[in-house]
Amino acid sequence: MYCVKYRAVMLLMVMLSTMAMAKADLLDIAPYPNAQIEHEEQRDVANHQVVLSAVRKVDGLLRTDKELWLDGILHRVVYQIPTGHSNKDAFDYFVEQISKSGSTVLFRCEERRCGSSNMWANQVFEVARLYGPDREQYYLVAKHFEQQQLYYIALYTIRRGNRRVYAMVETFKPKQKPAEQSLINADALLTQLNEEGFADVFGIPDEVNQIADNVNYQALKRLLTEHSLQLVIVGQGSWQVSSQASLSSSLQMGLEYAKKIQQQLIQDGVAEKDILVMTSGPALSINHQTLPTIRIIKQQ
């Protein structure tokens, strides 16, 4: 009897320890309630693929429109979701946490718009149990800054033909410096604007002669020109202001930064009425405050 109780206590301690470790390693993204961990791995990876578009098969090979290949540390957890809960339930649960963490969505898709589930499961993630009908899948990839370190977060949920529902949550910590990995696309910005009411764009240089060639600036320009939007650009001026700096100097720096981006957009053909500027100084709650940052908001 004692032996049985001891084993039960030890098993419970191991389970609780595993859950705590998974939560910490996954940037405090909590597991789905009552979900069971089906697969977990954490390892150094060379040339890891971060997919930023739908996938398709061309001549039997995986193809994407946007992707990154990076070296770093991968942590992946696959959950089996409890009976009675859908793949959309699981997706929404994790998306809510990712959004609240201040992460920036780079790409998301659902159902057949994601491409082949077979390709996602067996070639992107190499986790066969994630394969299911194309109409039963959801995918999201985001980037997140934690203590000046960049992470990529990938989320994939699927309901298989046997009705079992799985959710994969993956964090990837690249070895490259954050400034080298600034990548946002116009579609992701539009999605976040529509869903959250705002989007953060970081890493656009403060130097006027470097703005036009920056990939994140180009994504912002495409957003304005391709979707006929009118935006407020809020400059955040705290990325290089010391704790001793005055609020007024921080506010002024944020305004000047936003105006530089506004002027470049006007030079590139965007109407001045479509881009108002404001400043927040250090007031915005943005995780990646070590990089120049603007928050874009739709004009009312």
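Biologist: Before looking at any feature, what should I know about the model and its numbering?

Modeller: This is a predicted model, in which local features need pLDDT of at least 70 and side-chain atom pairs count only at pLDDT 80 or more, while totals for chains, interfaces and linings use all residues. Residues are numbered from 1 along each chain as its sequence is written, and side-chain values use heavy atoms, with hydrogens and water left out.

Biologist: How many helices and strands does the secondary structure come to?

Modeller: Helices (H or I, at least four residues) and strands (E, at least two) are DSSP runs numbered from the N terminus, and here they come to seven helices and 12 strands. Of the 300 residues in the protein, 46% are buried, where buried means under 20% relative accessible area, exposed over 50% and partly exposed in between, with a 1.4 Å probe and protein chains only. Taking contact as heavy atoms within 4.5 Å, residues 24 or more positions apart account for 71% of the contacts with a separation of 6 or more.

Biologist: What order do the strands of the six-stranded sheet have?

Modeller: Two strands pair if DSSP finds at least two bridges between them, and in this open sheet the order is β1-β4-β8-β7-β6-β5, with antiparallel pairing. The edge strands, each pairing on one side only, are β1 (36-51) and β5 (104-110), and the twist averages 15° from one strand to the next.

Biologist: Which residues could I follow across β1, β4 and β8?

Modeller: Start with V78 in β4, which stands opposite H39 and has M168 as its bridge partner in β8. Strands β1 and β4 run antiparallel and are joined by 13 bridges, whereas β4 (residues 67-81) and β8 (residues 165-174) pair in the antiparallel sense over 10 bridges, with Q80 opposite Y166 in β8. In a regular strand the side chains alternate between the two faces of the sheet.

Biologist: What pairing does the sheet of four strands have?

Modeller: That open sheet has mixed pairing, in the order β9-β12-β10-β11.

Biologist: At what angle do the axes of α4 and α6 cross?

Modeller: Axes are lines fitted to C-alpha atoms, for helices over the stretch in contact, and angles run from 0 to 180 degrees between N-to-C directions. The axes of α4 (residues 186-196) and α6 (residues 215-227) come within 8 Å and cross at roughly 70°. Angles under 35 degrees count as roughly parallel, over 145 as roughly antiparallel, 65 to 115 as roughly perpendicular and the rest as oblique, so α4 is roughly perpendicular to α6. Where they meet, A186, D187, L189, L190 and L193 in α4 touch A219, L220, R222, L223 and H227 in α6. Helix α4 also lies across β9, β10 and β12, running at about 145° to β9.

Biologist: Why does F91 count as buried?

Modeller: F91, whose place is in helix α2 (residues 87-100), counts as buried because its relative accessibility is 1%. Leaving aside residues up to four places away in sequence, F91 touches R108, Y138, Y139, L140, L155 and T157. The C-alpha atoms of F91 and L155 are separated by 7.6 Å, although the two are 64 residues apart along the chain.
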